[in-house]
Amino acid sequence: MNEFTRHINRILTFLLSLLGFSSCFPVMEYGCPTASFRIFGTVKDEKMNPLPNVQIESKSYGYGIRNKDLSELDFPMRTQSDEDGKYEIMELVSCDYEHRDFLLRICLDGYEILDTLVVFDNPSFSGGKKQHEGTTQKEVEIVLKENSKD
């Protein structure tokens, strides 16, 4: 393209933007809104009694946790169930919202270790000002089995 044609294209682009034709293009946001993923529930034994002080560890991935070797994972988020067995895990995520996998590892002495996969596929968010802002949540009830070795 020669210099004259480039100059004409710039002028036409400017004039079309003044007429509002630039609104035909998708709006680009700079930066990424932040969304909260909340997992909550109650940990119980097989008799449905709440279990206090249960260690709950969590690891999240955008995609593909199902294909990972679980023995290689580290669990950066940790919480404990309260005296009523209730727990809550909250993670803030930027820019990767369409799909989120969380692996919960639940541990308590005298009980079998339980790994639970929690999947958020195309979650809907509430309380945000923009698309993919706000909070999405899932309730996950956990039942631990007593360790048969004890």
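**Salt bridges, pair by pair**

Tutor: Let's start with R105 and D115, whose side chains meet in a salt bridge, N to O at 2.7 Å (that is, a side-chain nitrogen of Lys or Arg within 4 Å of a carboxyl oxygen of Asp or Glu). This pair links distant parts of the chain, ten residues apart: R105 belongs to strand β5 (residues 99–107) and D115 to strand β6 (residues 114–121). Strands here are DSSP runs of E, at least two residues long, numbered from the N terminus. R105 counts as buried at 17% relative accessibility, while D115 is partly exposed at 32%; buried means under 20% relative accessible area, exposed over 50%, and partly exposed in between, with a 1.4 Å probe and protein chains only.

Before going on, a word on the source: this is a predicted model, with residues numbered from 1 along each chain as its sequence is written. Local features need pLDDT of at least 70, side-chain atom pairs count only at pLDDT 80 or more, totals for chains, interfaces and linings use all residues, and side-chain values use heavy atoms, leaving out hydrogens and water.

Next come E57 and R78, joined by a salt bridge at 3.1 Å, N to O. They sit 21 residues apart, E57 in strand β2 (residues 55–61) and R78 in strand β3 (residues 77–80). E57 is buried at 13% relative accessibility, whereas R78 is exposed at 54%.

Then there's R38 with E88, where the closest N and O atoms are 2.3 Å apart. R38 lies in strand β1 (residues 34–45) and E88 in strand β4 (residues 86–94), 50 residues apart. E88 is partly exposed, at 40% relative accessible area. Searching the whole structure gives three salt bridges.

Note on methods
Helices (H or I, at least four residues) and strands (E, at least two) are DSSP runs, numbered from the N terminus.
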